[in-house]
Amino acid sequence: MSVSQPRDRIELTREIIPNAAIAREVRADEDGAVATFDGCVRNHSHGRSTLYLEYEAYESMALGKMQEIAAHLHGNFVINRVAIVHRLGRLEIGETSVFIAVSAAHRAAAFDACRYAIDTLKKTVPIWKKEFFADGAVWADGEIPPAPATAETPAAKPASN
Amino acid sequence: MTVKVLYFGRLRELCGSSEESVEVRNGSRIEDLFALCAAARPELGRFRPSLVAARNCEFAAWDTALSSGDEVGFLPPVSGG
């Protein structure tokens with residue numbers, strides 16, 4: 001069982017995410033690549049103009065699930081360091097809601113791990129987004145996370161990559 | 001025994017609070033707890049098909065047995081990122 005590494009940065013924050021600093025921080029002399037994902041607030045959703053977003057989380061569980069993602073990356077990709085930082089509270093158009101950075105000796109592993117991290121975060125981390133429009137607000141549709149169907153049999157682990 | 005129930009997103013708004021303590025019978029499962037919560041707020045029940053349950057910060061099946069002091073979240077579809 002792989003674990004997230006002490007040099008990883010797994011965080012929920014209500015402040016502006018320091019994207020550039022995080023991208024620098026994951027990078028070490030043995031790395032040849034840093035892949036980053038910058039998820040940012042779009043000014044439209046389903047054809048409506050978005051004014052701003054609000055994010056909330058089940059914080060203790062969200063951090064646990066983000067750490068599980070980092071641990072999975074270390075166990076399944078040849079990478080060095082991982083940063084996964086998600087913002088909470090009110091976010092304005094153009095601000096970063098989630099920033100992921102993965103360093104590795106070679107680019108393929110960095111790209112693949114970064115992609116896996118954001119795709120998995122969107123499906124499994126308990127964070128919710130409310131979209132505010134000029135004429136109202138809605139909770140984003142979202143995805144139903146995979147959960148064990150019954151307590152009687154041991155929970156199947158998600159297939160590894 | 002007493003368990004803590006957490007509500008998030010649209011459920012938090014619907015319930016008017018983010019957490020509550022609920023007294024359940026020994027041997028209760030998560031689905032029994034949900035039924036109890038939904039009995040107090042009928043609108044909650046219609047969300048059941050789209051919810052997943054979490055017990056002590058792990059996704060849990062609806063038939064999971066509860067222990068005193070458990071923290072249970074009824075989680076709407078997630079939309080982080």
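Asn56(B) belongs to the loop between β3 and β4 of chain B, and its phi is near 50°, a positive value in a residue other than glycine. Helices (H or I, at least four residues) and strands (E, at least two) are DSSP runs, numbered from the N terminus.

In chain A, His46(A) also has a positive phi, of about 50°, although it is not a glycine. This residue lies in the loop between β3 (44-45) and β4 (48-57) of chain A. His46(A) is exposed, with 10 other C-beta atoms within 10 Å.

## Basis of the model

The model is predicted: local features need pLDDT of at least 70 and side-chain atom pairs count only at pLDDT 80 or more, while totals for chains, interfaces and linings use all residues. Residues are numbered from 1 along each chain as its sequence is written, and chains are lettered from A and ligands numbered from 1 in the order in which they are written.

## The sheet of chain A

Four strands of chain A form an open sheet in the order β1-β5-β7-β2, with mixed pairing; two strands pair if DSSP finds at least two bridges between them. Because β1 (9-13) and β2 (33-40) of chain A stand at the edges with a single partner strand each, one side of each is left without a neighbour in the sheet. Neighbouring strands are turned by 5° against each other on average, direction ignored.

Strands β5 (residues 82-87) and β7 (residues 96-104) of chain A run antiparallel and are joined by five bridges. Within this pair, Ala83(A) stands opposite Ala101(A) in β7(A). Helix α2 (residues 59-76) of chain A packs on the sheet, touching β1, β5 and β7 of chain A, and its direction makes about 155° with that of β1(A). Helix α3 (residues 107-124) of chain A packs on the sheet too, touching β2, β5 and β7 of chain A, at about 150° to the direction of β7(A). Axes are lines fitted to C-alpha atoms, for helices over the stretch in contact, and angles run from 0 to 180 degrees between N-to-C directions.

## Strand pairing in chain B

In chain B, β1 (residues 2-7) and β2 (residues 19-23) pair in the antiparallel sense over five bridges, and Val3(B) has Val22(B) as its bridge partner in β2(B). Strand β1(B) also pairs with β5(B), in the parallel sense and over four bridges; here Val5(B) stands opposite Val72(B).

## Contacts between the chains

Contact joins 23 residues of chain B to 30 residues of chain A; two residues are in contact if their C-beta atoms, placed from the backbone, lie within 7 Å. On the side of chain B that touches chain A, α1 (9-15), β3 (52-55), β4 (58-60) and β5 (71-75) of chain B each supply at least two residues. Strand β3(B) gives the most, with three residues.

Ala147(A), in the segment after β9 (136-139) of chain A, is partly exposed, with 17 other C-beta atoms within 10 Å. Leaving aside its neighbours within four places in sequence, Ala147(A) is in contact with Val52(B), Ala53(B), Phe59(B), Ala60(B) and Ala61(B).

Technical notes:
Buried ≥ 20, exposed ≤ 12 C-beta atoms within 10 Å, placed from the backbone.
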